[in-house]
Amino acid sequence: FVAFAGGILCTVDASNQTGNPAGDNDENAKTWAGWGDILATISSLGGVGYLVFAKSVRGHFPSVYAFMFCNMVVASCVVLVYMLLSGKDITFDRDIHTGVWGFMNSRYDRLPLEFVMVVVCNMTGSLGYVRAMAYFDNLVISVFTLMEPVVASFLAFFMNVGLLPGALGWIGNLLVALGTICVILPSAQKGGSTGH
């Protein structure tokens, strides 16, 4: 609860800093921001559900790599079905706008970006979380994921594409770190997880 409260403070601080790009109090922009917060909350609940599911299913695979391969194939199929049902224009070629294989173009914003997403985000992020399930309880991993926005805000600042948090953001980041430590320490003291 401490880490989750910190995440809420960070979100409030980020929305206060971003504001409305048009500079006015457009009700439509506020409505979309509210929907964004709701979708982010649903997404985080889905992430926790994924961690619980992954922990229980992971032991039935010969390796973590086989599990992640099957996981990515299923996720790709779900996205493809959604695209087909959404009525959007899609083609099964390498067109950069509508092609399912459009990411295979050597443009700076296609194949190199996809490579970074796969290697950095999936190999070190998702695979790292699934691998850590053998050593930590799900609760530890799900709370630790709350640190992702904190790290992302500092990376954005150091890469000159974002701002440092305001007062609420600093308090929120501190609460996220404190909550994460409060969950990790008891698990570490009792020996972590007994998973695969």
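Biologist: What does helix H3 look like, and how many residues does it have?

Modeller: Helices (H or I, at least four residues) and strands (E, at least two) are DSSP runs, numbered from the N terminus. The expected span of a helix is 1.5 Å times one less than its number of residues. Helix H3, residues 64-86, has 23 residues, and the distance from its first C-alpha to its last is 33 Å, close to the expected 33 Å. Gly87 follows H3 and has a positive phi, near 80°.

Biologist: How far may I rely on such details, and how are the residues numbered?

Modeller: This is a predicted model, in which local features need pLDDT of at least 70 and side-chain atom pairs count only at pLDDT 80 or more, while totals for chains, interfaces and linings use all residues. Residues are numbered from 1 along each chain as its sequence is written, and side-chain values use heavy atoms, with hydrogens and water left out.

Biologist: Which residues of H3 are buried?

Modeller: A residue is buried at under 20% relative accessible area, exposed at over 50%, and partly exposed in between (1.4 Å probe, protein chains only). In H3, the residues Val64, Phe67, Met68 and Asn71 are buried. An α-helix has 3.6 residues a turn, so residues three or four places apart point the same way.

Biologist: What elements does the chain contain as a whole?

Modeller: There are seven helices and zero strands, so that the order from the N terminus reads α-α-α-α-α-α-α, with helices as defined above. The chain has 196 residues, of which 21% count as buried. Its accessible surface, computed by the Shrake-Rupley method with a 1.4 Å probe, where for residues only the protein chains shown count as cover, comes to about 13,400 Å². Carbon and sulfur atoms account for 72% of that surface.

Biologist: Which residues make up the largest nonpolar core?

Modeller: A nonpolar core is a set of buried Ala, Val, Leu, Ile, Met, Phe, Trp, Tyr and Cys residues joined through side-chain atoms within 4.5 Å. The largest one here has twelve residues: Leu51, Ala54, Val57, Val64, Phe67, Met68, Leu127, Tyr129, Val130, Ala132, Met133 and Ile141. H2, H3 and H4 each supply at least two residues of this core, and H4 gives the most, with four.

Biologist: What does Leu127 touch?

Modeller: Contact means heavy atoms within 4.5 Å. Apart from neighbours within four places in sequence, Leu127 is in contact with Val64, Tyr65, Met68 and Asn122. Across the chain, among contacts between residues at least 6 apart in sequence, 58% join residues at least 24 apart.

Biologist: Is Arg58 buried or exposed?

Modeller: Arg58, which has its place in helix H2 (residues 27-58), is buried, with a relative accessible area of 12%. Not counting residues up to four places away in sequence, Arg58 touches Ser63, Val64, Phe67 and Val130.

Biologist: Which residues make the nonpolar surface patch?

Modeller: Patches are made of residues with over 30% relative accessible area and no salt bridge; like charges are joined within 9 Å, and nonpolar side chains (Val, Leu, Ile, Met, Phe, Trp, Tyr) within 5 Å. Here Tyr65, Phe115, Val116, Val118, Val119, Val120 and Met123 form a nonpolar patch of about 650 Å². Helix H4 (residues 111-132) contributes the largest share, six residues.

Biologist: Why do Val118 and Met123 count as partly exposed?

Modeller: Val118 counts so because its relative accessible area is 36%, and Met123 because its relative accessibility is 44%. The C-alpha atoms of Met123 and Tyr65 are separated by 9.6 Å, although these residues are 58 residues apart along the chain.

Biologist: How many salt bridges does a search of the whole structure find?

Modeller: A salt bridge is a side-chain nitrogen of Lys or Arg within 4 Å of a carboxyl oxygen of Asp or Glu. The search finds two. One joins the side chains of Arg107 and Asp109 at 2.9 Å, N to O; another joins Asp109 and Arg110 at 3.4 Å, N to O.
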